[in-house]
Amino acid sequence: MPYVIGDDLPNEPAGLRFRKLLDRPEILQMPGAHTGIAAVLAKQAGFDALYMSGAAMSATMGLPDLGMITVDEVAFYIRQVARAAGLPMLVDGDTGYGEALNVMHMVRVFEESGAGAVHLEDQLLPKKCGHLNDKKLADARDMAAKVAAARKARRHLVIIARTDAVASEGMDAAVDRAKLYLEAGADCIFPEALHSRDMFAEFARRMPGVKLLANMTEFGRTPFLTAKEFEALGYGMVIWPVSHMRVANKAMEKLYATIRETGGTMAMLDEMQTRAQLYAAIGYHDYEALDASLTKTIIPEGMPQG
């Protein structure tokens with residue numbers, strides 16, 4: 001049964017549970033899962049932590065990934081994933097939704113909603129996917145101030161600083177920025193949009209002892225590498241941020257085209273999750289049993305006497 005109601009809810013804060021996963025010797029693998037059902041399926045596949053992509057949340061709302069969604073909209077997704085799976089999650093905090101005070105507000109809301117970690121990036125609004133061109137970078141000192149603000153506001157939340165500097169300023173600048181962000185209070189570093197195995201290796205070599213996050217997104221600048229390959233290069237975390245949504249969207253496109261062309265769904269039945277499989281995944285009958293154990297109908301025995 002998914003973690004949702006009752007004694008099976010985790011008691012330890014998500015940030016502490018996330019830190020324990022980071023302390024393990026093996027790389028922490030986090031697939032994208034920004035909805036409750038995705039979180040349930042990822043947990044059942046054996047993952048210990050999840051990633052929530054701003055691009056995935058935006059696209060689910062029919063919006064581009066340009067920093068348009070709000071703290072409260074993201075918190076809605078965090079809460080449903082935390083309730084559904086009970087796993088610690090890393091959440092995309094974009095640019096922090098403003099300046100230092102806004103970052104502090106974001107950290108408090110995300111942590112209270114159930115996040116275990118957040119990453120902040122050193123772009124200016126309107127921000128872009130890290131694998132696109134013409135990104136505008138914030139001043140490194142301004143970004144460091146945001147990191148310090150996040151550190152001050154958090155209780156247990158893991159703070160990961162992302163730098164997009166490699167593409168426009170080069171490797172040396174990206175390393176310098178990363179070191180500044182660590183001095184400001186970041187727990188880990190996320191070098192975005194590295195485009196070769198050698199670049200991943202160089203960045204890790206120049207950041208000894210630092211937990212690093214690798215982004216294995218499709219159709220971007222990064223070559224396909226496995227979790228083990230990233231681990232061998234010196235990375236402690238890897239995310240597949242939007243893979244689940246890409247697969248689901250492709251399947252929905254095919255379904256809608258099939259209905260439009262054939263007037264029905266018969267041709268798609270073999271590609272569908274059955275009702276029984278869905279009910280098993282979400283613990284439907286467990287909920288029924290829980291409900292029955294909590295409530296009992298009392299039948300009146302007779303009319304009240306005057």
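Predicted model: local features only at pLDDT ≥ 70, side-chain atom pairs only at ≥ 80, totals over all residues.

User: Is G283 buried or exposed?

Analyst: Burial is read from relative accessibility, with a cut-off of under 20% for buried. G283 has 3% relative accessibility, so it counts as buried. V40 stands 243 residues from G283 along the chain, and their C-alpha atoms are separated by 9.9 Å.

User: How should I read a backbone angle? What is the phi of D94?

Analyst: For D94, phi is near 50°, which is a positive value in a residue other than glycine. D94 is placed in the loop between β3 (89-92) and α5. Because its relative accessibility is 3%, D94 counts as buried.

User: What is the phi of A193, and where does A193 lie?

Analyst: A193 has a phi near 65°, again a positive value in a residue other than glycine. The loop that holds A193 runs between β6 (188-191) and α9 (197-205). With 2% relative accessibility, A193 is counted as buried.

User: Which residues of α5 and α6 meet?

Analyst: From α5 come A100, V103, M104, V107 and R108, and from α6 come A145, K146, A149, A150, K152 and A153. Sorted by class, this contact has 8 nonpolar and 3 charged residues, and no polar ones.

User: Where is R151, and which residues does R151 touch?

Analyst: R151 is part of helix α6. Setting aside residues up to four places away in sequence, R151 touches I159, A184, G185 and D187. R151 and A186 are 35 residues apart in sequence, while their C-alpha atoms are 7.2 Å apart in space. The relative accessibility of R151 is 38%, so this residue counts as partly exposed.

User: Is R141 buried or exposed?

Analyst: The cut-off for exposed is over 50%. R141, which is also found in helix α6, has a relative accessible area of 63% and is therefore exposed.

User: Which residues does H156 touch?

Analyst: H156 sits in the loop between α6 and β5 (158-163). Not counting residues up to four places away in sequence, H156 touches P13, G15, L16, R19 and E111. For one of these, G15, the C-alpha atom is separated by 4.7 Å from that of H156, although the two are 141 residues apart along the chain. H156 is partly exposed, because its relative accessible area is 27%.

User: How is a pocket read? How much space lies in the largest pocket?

Analyst: Rolling a probe the size of a water molecule over the atoms shows where empty space is left. The largest pocket holds about 770 Å³ of space. Its lining consists of 24 residues, and I37, L41, H244, A248 and M252 are the ones nearest its centre.

User: Which helix supplies the largest share of that lining?

Analyst: The largest share comes from α11, with 8 residues. At least two lining residues are supplied by each of α2 (36-44) and α11 (243-262). By class, the lining has 16 nonpolar, 7 polar and 1 charged residues.

User: Finally, how many helices and strands are there in the chain?

Analyst: The chain contains 13 helices and 8 strands. Of its 306 residues, 47% are buried. Among contacts with a separation of 6 or more, 71% are between residues 24 or more positions apart.

Key: Residues numbered from 1 in each chain as written. Heavy atoms only, no water. Contact = heavy atoms within 4.5 Å. Helix = DSSP H or I, 4+ residues; strand = E, 2+ residues; numbered from the N terminus. Nonpolar A, V, L, I, M, F, W, Y, C, P; charged D, E, K, R; others polar. 1 Å grid on protein atoms, 1.4 Å probe; cavity = no way out; pocket = protein on both sides within 12 Å on 5 of 7 lines; lining within 4 Å. Points joined across faces, edges and corners; volume = space filled by probe spheres on them. Buried < 20%, exposed > 50% of the residue type's maximum accessible area, 1.4 Å probe, protein only.
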